[in-house]
Amino acid sequence: MSRHMIPYGRQDISQDDINAVVEVLKSDFLTQGPQIPSFELCVSEYVDVKHALAVNSATSALHIACLALGLGRGDYLWTTPVTFVASANCGLYCGAKIDFVDIDPQSYNLCPLALKAKLEQAEQTNTLPKVLVAVHLCGQSCDMKAIHNLSKRFGFHVIEDASHAIGGQYKQKPIGNCEYSDITVFSFHPVKIITTCEGGMAVTNSDKLAERLELFRSHGITRNTDLMTKDSEGAWYYEQIDLGYNYRLTDVQAALGRSQMTRLDEYVNKRHELAERYNQLLRDLPLNCPFQHKDCYSSFHLYVIRLDLDVIDVTHRQVFESLRDNNIMVNLHYIPVHLQPFYENMGFSKGDYPEAEKYYSEAISIPLYPSLSFEDQDFVVNCLKRSLDL
Ligand SMILES: *Cc1c(COP(=O)(O)O)cnc(C)c1O
């Protein structure tokens, strides 16, 4: 292996980011200081939403979002099978049951038509979901308007899992403004669009939900006298009024996030430039490049190709491994959640979601991140061509 490793995604850390982090380390507060509200305000202004609550991961954000919406035992949470396991696990944390809706073969997002059909069936059997988690795969928004209309007709709540999608837009407005959902969740893991090392955020326009999210983020403890059940006993007094967790982000991480936000648009623009370049370079190959809906401006967290297996003489696995052999750390997003052993043990099995499974048999995430050089990108394309035996 002669060349350096090319990952499928990676963070971009500037000297300004480092300075911002060091400042906090020298300050009075490493956690629960001024950096958290500053980062939250920055994100809420960017996505045009009323409330933002920083937490230690998107997984935590999904969990407290479900709790805030009252998801519990006997309830159903529905999501797409083509996502990271966290989009479904959050329902299990609350004691709810999980079910899936197959994907749209063009966008690879949860299919609104399949959703409508499944809802009509569930209405007959009294198994309608309480919460739907709509995942904006690769950074491209789901058809939120259709999902929102169905949520009104069938009476369920909507969480947008925008772990991939900060910086993206839907109908010319920022993803995260919650126009069509109750709560939106972002991830700041290093492979995502911006990073806080580990971290996430839940945003909402609802005062009530924001209050609940804040409680669950920190042990169910409040210092707000309006929420207390007893009179204050002194300046030290607080009350635990529900069962919450310690899902807080640190000020060190928030400072990094705040600093990264200043380059968010630059990052997304650069991802688009590289994606457009891939579209051109891969145009004549036996594979599908990412479809982009006219209502959507993707953040392009991932660039997923789908191999045309009817045309090529090599297998999906051979192409994948050939790229890995060239030190190109391609990945596959995602193994359908219903095929994970833990979910198979709940009764799901192969054949349940044919579009998701077909996607899984063809998809490869090829490298895409702001600092990917054209030279490395060309190398990826050439290795891909060779692996397809062209
Ligand atoms: C990364 C990711 C998560 C989890 O994010 P963490 O911040 O790592 O907890 C959830 N959902 C999706 C779709 C993701 O890609």
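Val-22 counts as partly exposed because its relative accessibility is 33%, where partly exposed denotes the range between buried (under 20% relative accessible area) and exposed (over 50%), with a 1.4 Å probe and protein chains only. The residue lies in helix H1, which spans residues 15-25; helices (H or I, at least four residues) and strands (E, at least two) are DSSP runs numbered from the N terminus. The model is a predicted one, in which local features need pLDDT of at least 70 and side-chain atom pairs count only at pLDDT 80 or more, whereas totals for chains, interfaces and linings use all residues. Residues are numbered from 1 along each chain as its sequence is written, and side-chain values use heavy atoms, with hydrogens and water left out.

Together with Ile-13 and Ile-18, Val-22 forms a nonpolar surface patch with about 210 Å² of accessible area. Such patches consist of residues with over 30% relative accessible area and no salt bridge, nonpolar side chains (Val, Leu, Ile, Met, Phe, Trp, Tyr) being joined within 5 Å and like charges within 9 Å. A salt bridge is a side-chain nitrogen of Lys or Arg within 4 Å of a carboxyl oxygen of Asp or Glu. Accessible areas come from the Shrake-Rupley method with a 1.4 Å probe, and for residues only the protein chains shown count as cover.

The ligand is surrounded by 15 residues, of which Thr-59, Asp-161, His-164, Ser-187 and Lys-192 are the closest; the criterion is a heavy atom within 4 Å. A side-chain N or O atom of Thr-59 lies 2.5 Å from a ligand oxygen. The corresponding distance is 2.7 Å for the side chain of His-164 and 2.8 Å for that of Ser-187. Of the 380 Å² of accessible area that the ligand has on its own, the protein covers 92%.

The structure contains 11 aromatic pairs, defined for rings of Phe, Tyr and Trp (its six-membered ring) by centres within 6.5 Å, with planes under 30 degrees apart counted as stacked, over 60 as edge-to-face and the rest as tilted. Phe-100 and Tyr-343 pair edge-to-face, with ring centres 5.9 Å apart and planes at 65°. This pair links strand E4 (residues 97-100) to helix H11 (residues 341-344), its members being 243 residues apart. Phe-100 is buried at 0% relative accessible area, and Tyr-343 is buried at 1%. Phe-100 also pairs edge-to-face with Tyr-353, at 5.9 Å and 75°. Phe-100, Phe-342, Tyr-343, Phe-348 and Tyr-353 form one aromatic cluster.

Notes
A polar contact is a pair of N or O atoms within 3.5 Å; within protein, one must be able to donate a hydrogen and the other to accept it, and residues adjacent in sequence count only if both atoms are side-chain atoms.
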